[in-house]
Amino acid sequence: MARNFTYTALVLRARPSGESNREVTFLTAEEGLIRATVFGGPKSRLRAHAALYHEGRLWIYRDPVKGYMKVTDFDVHAWRPGIRELYERAMAAQAVAETVLAAQGGGGGWEAALSLTANALDALDKADEAACRRAVIQFLWNWAEFLGQRPELDKCASCACEAPGDGLLWYSLRDGTVLCPSCAALPAGYPVQEGAWETAGYLPAGPGVRRWLAAVQGQTPVLAGRFTLDKAAEREAKALVTAVLAGALGKRLSTWEF
Ligand SMILES: [Zn+2]
């Protein structure tokens, strides 16, 4: 029976375990999420390597009797030291990692899950504060697409009318679909009175946000930095994508509130 396995792996979570060990959750290209123990105190080389957001070749020993998994080596190719240098980067990276963990790694297509996650972390490694927020919004949108949960943004889900490019649509929190103003029985244009729509169960999907989301969809976050998004549109985009993912995951994550 084979007991040693190798993976292409990225560290998403690392927690103390026992006196001097660490329990590490990896996203792997081969099997999705796997959890393994790293033995060794604070000075161990392996422990330093198996740290948050590091990515590389992972060697695992599986004990067939006791059922535990142990990290035997981790050859890091991507260290992403920049994430630790800025609070906003660390918070944004945590939002990305916790989203992937909450979705059980995406439930399949592990290689694509790993590359989406790694691309977002690469962007965060060098991002300034504003780019961090945009990179997370973009990651969440692409992750919703990856989960097959991304709503159509250019037509009404009820009457199928094409949305005018400069028109306002409404995202229904109940159905997870986008509706035209007449199907949603809500106003057709800006300004929208802040907060009033949420009690009716809707979030606005304005033209600027729809254009931005369409432009960054499927792109790496580095490229997304070229598309501008003002503060109000950024808030609107974040509310929309987190609502879409909350619907997909069945809960809101506290790490989205950065
Ligand atoms: Zn309609």
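Reader: How should I read the open sheet of 3 strands, and in what order do its strands stand?

Author: The general idea is that two strands pair if DSSP finds at least two bridges between them, while the elements themselves are DSSP runs, numbered from the N terminus, with helices (H or I) of at least four residues and strands (E) of at least two. In this case the order is β7-β6-β8, with antiparallel pairing throughout the open sheet. The edges are held by β7 (178-179) and β8 (202-205), each of which pairs on one side only. Before going further, note that this is a predicted model, in which local features need pLDDT of at least 70 and side-chain atom pairs count only at pLDDT 80 or more, although totals for chains, interfaces and linings use all residues. Residues are numbered from 1 along each chain as its sequence is written, and side-chain values use heavy atoms, with hydrogens and water left out.

Reader: How many bridges join β6 to β8, and which residue of β8 is the partner of Y171?

Author: Strand β6 (residues 169-172) is joined to β8 by 4 bridges, the two strands running antiparallel, and Y171 has L203 as its bridge partner in β8. As a general point, the side chains of a regular strand alternate between the two faces of the sheet.

Reader: Which helix lies across β6 and β8, and at what angle to β8 does it run?

Author: Such an angle is taken between axes, which are lines fitted to C-alpha atoms, for helices over the stretch in contact, and it runs from 0 to 180 degrees between N-to-C directions; contact itself means heavy atoms within 4.5 Å. Here the helix is α9 (residues 231-249), which lies across both strands and runs at about 130° to β8.

Reader: Which atoms coordinate the zinc ion, and what arrangement do they make?

Author: Donors are N, O and S atoms within 2.8 Å of the metal (3.2 Å for Na, K and Ca), and since water is not among the atoms, sites may look incomplete. The zinc ion is coordinated by the SG atoms of C156, C159, C180 and C183, at 2.3 to 2.4 Å, and along the chain these donors follow the spacing C-x2-C-x20-C-x2-C. Four donors count as tetrahedral if all angles lie between 85 and 135 degrees, four as square planar and six as octahedral if opposite donors are over 155 degrees apart and all others between 65 and 115, and anything else is irregular. The 4 donor atoms here subtend angles of 104 to 113°, so the arrangement is tetrahedral. As for accessibility, C156 is buried at 3%, whereas C159 is partly exposed, with a relative accessible area of 41%.

Reader: How many aromatic pairs does the structure hold, and how should I read them?

Author: A pair of aromatic rings is described by the distance of the centres and the angle of the planes. Rings of Phe, Tyr and Trp (its six-membered ring) pair if their centres lie within 6.5 Å, and planes under 30 degrees apart count as stacked, over 60 as edge-to-face and the rest as tilted. The structure holds 3 such pairs. In one of them, F139 and W143 have ring centres 5.6 Å apart and planes at 25°, so the pair is stacked; in another, W143 and F146 have centres 5.0 Å apart and planes at 40°, so the pair is tilted. Residues F139 and W143 lie 4 residues apart in helix α4 (residues 129-146), about one turn of the helix, and F139, W143 and F146 form one aromatic cluster.

How values were computed
Buried < 20%, exposed > 50% of the residue type's maximum accessible area, 1.4 Å probe, protein only.
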